[in-house]
Amino acid sequence: MTTTKYAKGGSLYGLIKEIFNWYPSSYPAAERKQVIYSLSICVACGLTAVRMAPDQTNISNAYVSGLKEDFGLYGNELNYFNVFYYVAYVVFQIPGMLLMSRPKLARWLLPTLEILWGLCTFAQSRVTNVQQLYACRFLVGMLEAPVFAGTHFILGSWYSGPELFKRAGTWFICNPLGSMISGYLQAAAYTNLSGVGGMPGWRWLFIIDGIFTLPIAVAGFLVFPGIPDSPKPFYFTDGDITLAKSRLERFKIRKPGKLNLDVFRRTLRRWHIWVFVLCYICMIISGYPESYMNLWLKEEGFSVVQINQLPTVIYAINIVASWLGTTLAAIYPSWTVYSGATTCVAFSGICMIIWDIPKPLKFVAWYLFGMSGCLSPILYSTVNTVVKGDSEERALVVGSMMTFGYSFQIWAPLLLFPTAGPNGAPRWRIGWPVALTFHLLLWAGFIVAILLHRRE
């Protein structure tokens, strides 16, 4: 993989300077000027991610903040909420990604979907039974399907190499940031809005999330850039688009071509889809329990406010790990950063398998899971770099990673991470050993991908 040299002799000053070096000084002035536009691309993608992340975590926050008791959910209903969400997420993943690869649609698709899922978020505040909530979760999953992989595809259509790693890490910050916001919003809603309008605090969380969604969606129609061949947003000049396209030629990133059966044939003949899909399946299975610290806190008797606020430390560590890890992966060989993060996560996994450890150590173990924040953006940046020569294959590989990865999210948690029962949350006697195993398999798969790419 491409790395950058930060200083002669590898000085600490040179390293710090390179971490904050958004564009190499060797770039021509016109190209360095695009730092402003590259920030706008990250901001446009990031605002969408900030809004998507709460929709994936607010159901868990609502569950521990009164939803469980109000609806009498004492079985595995929390698992089923996720099942309905991820069934839709999986089914509509590849179609959404292939639509995203079309230049005329790439600029408008995500803002349109965001308006629709914002309406569904409002609807969740008015449900009267669990069946209605299942339906809402399905619709939200369907509308959010191409967002995560689609933004990676958009970034990979503008950048390559070290540029892409840094920007992917910057964008990925928005995912844990959105989850943090959701936790604080639920704590504030429970404290300040419970009973207002005759509604409990967990219903207000969905209303607040919906209020945030619509302005961001409207802004997306103005600032979301699509890909270089999409209709030009107002802040780009014709010269900017010409420069962007010339950069793609220099980085050997192929423009989108026709969609036909040959796309599937050539993709299946190459190793990329097989190795990267396997990696993402391992990532999804291994990462599932890391976001459920709130269930352990509830079992330990912490207050509702603490249950919503204490897990946000994981997301804060996620933010730092995502930005710093991907930046370092652009400077050093990416496998070294991946190995370091995997070591931290493996330590936490071992602590959870042992389980009966001092409470302070268990807090440390939960929080160290935040180091996994750099694993996904490094993996996706590697995919975009390795498959940059075929735009359709890149869209299909990224879409397949999400589709097959989250297809395991549909059924695996019911077996490995049930909410109730002798092996249920948060002890997960079966789930934690399996999660650790798949973390190690993820690391092995990533190393295999690096070696295969070098051989090419």
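Predicted model: local features only at pLDDT ≥ 70, side-chain atom pairs only at ≥ 80, totals over all residues.

Visitor: What percentage of the residues of the protein count as buried?
Guide: Residues are numbered from 1 along each chain as its sequence is written, and side-chain values use heavy atoms, with hydrogens and water left out. Buried means under 20% relative accessible area, exposed over 50%, and partly exposed in between, with a 1.4 Å probe and protein chains only. Among the 456 residues of the protein, the buried share is 60%.

Visitor: How many helices and strands does the secondary structure come to?
Guide: Helices (H or I, at least four residues) and strands (E, at least two) are DSSP runs, numbered from the N terminus. For this protein the count is zero strands and 23 helices.

Visitor: Which residues is M401 in contact with, leaving aside its neighbours within four places in sequence?
Guide: Contact means heavy atoms within 4.5 Å. With those neighbours set aside, the partners of M401 are F276, V277, Y280, L379, Y380, V383 and Y406.

Visitor: Is T326 buried or exposed?
Guide: T326 is found in helix α18 (residues 312–331). Not counting residues up to four places away in sequence, T326 touches F165, K166, G169, A321, C374, P377 and I378. With a relative accessible area of 0%, T326 is buried.

Visitor: The backbone oxygen of which residue lies 3.1 Å from a polar atom of the side chain of T326?
Guide: A polar contact is a pair of N or O atoms within 3.5 Å; within protein, one must be able to donate a hydrogen and the other to accept it, and residues adjacent in sequence count only if both atoms are side-chain atoms. Here the backbone oxygen, 3.1 Å from a polar atom of the T326 side chain, belongs to W323.

Visitor: Which element gives the most to the lining of the second largest pocket?
Guide: On a 1 Å grid over the protein atoms alone, a pocket is an open set of points with protein on both sides within 12 Å along at least five of seven lines, whereas a cavity is a set where a 1.4 Å probe fits but cannot get out; lining residues have an atom within 4 Å of a point. This pocket's lining includes Y63, K68, L295, K298, E299, A425 and P426. The elements giving two or more residues to it are α3 (35–71) and α16 (293–299). The one that gives the most, with three residues, is α16.

Visitor: What is the peptide bond from A425 to P426, cis or trans?
Guide: P426 sits in the loop between α22 (391–416) and α23 (431–455). Most peptide bonds are trans. The bond from A425 to P426 has omega near -5 degrees, making it cis.

Visitor: What is phi of W428 near?
Guide: W428 is found in the loop between α22 and α23, and counts as buried at 1% relative accessibility. Most residues other than glycine have a negative phi. W428 has a positive value, near 45 degrees.
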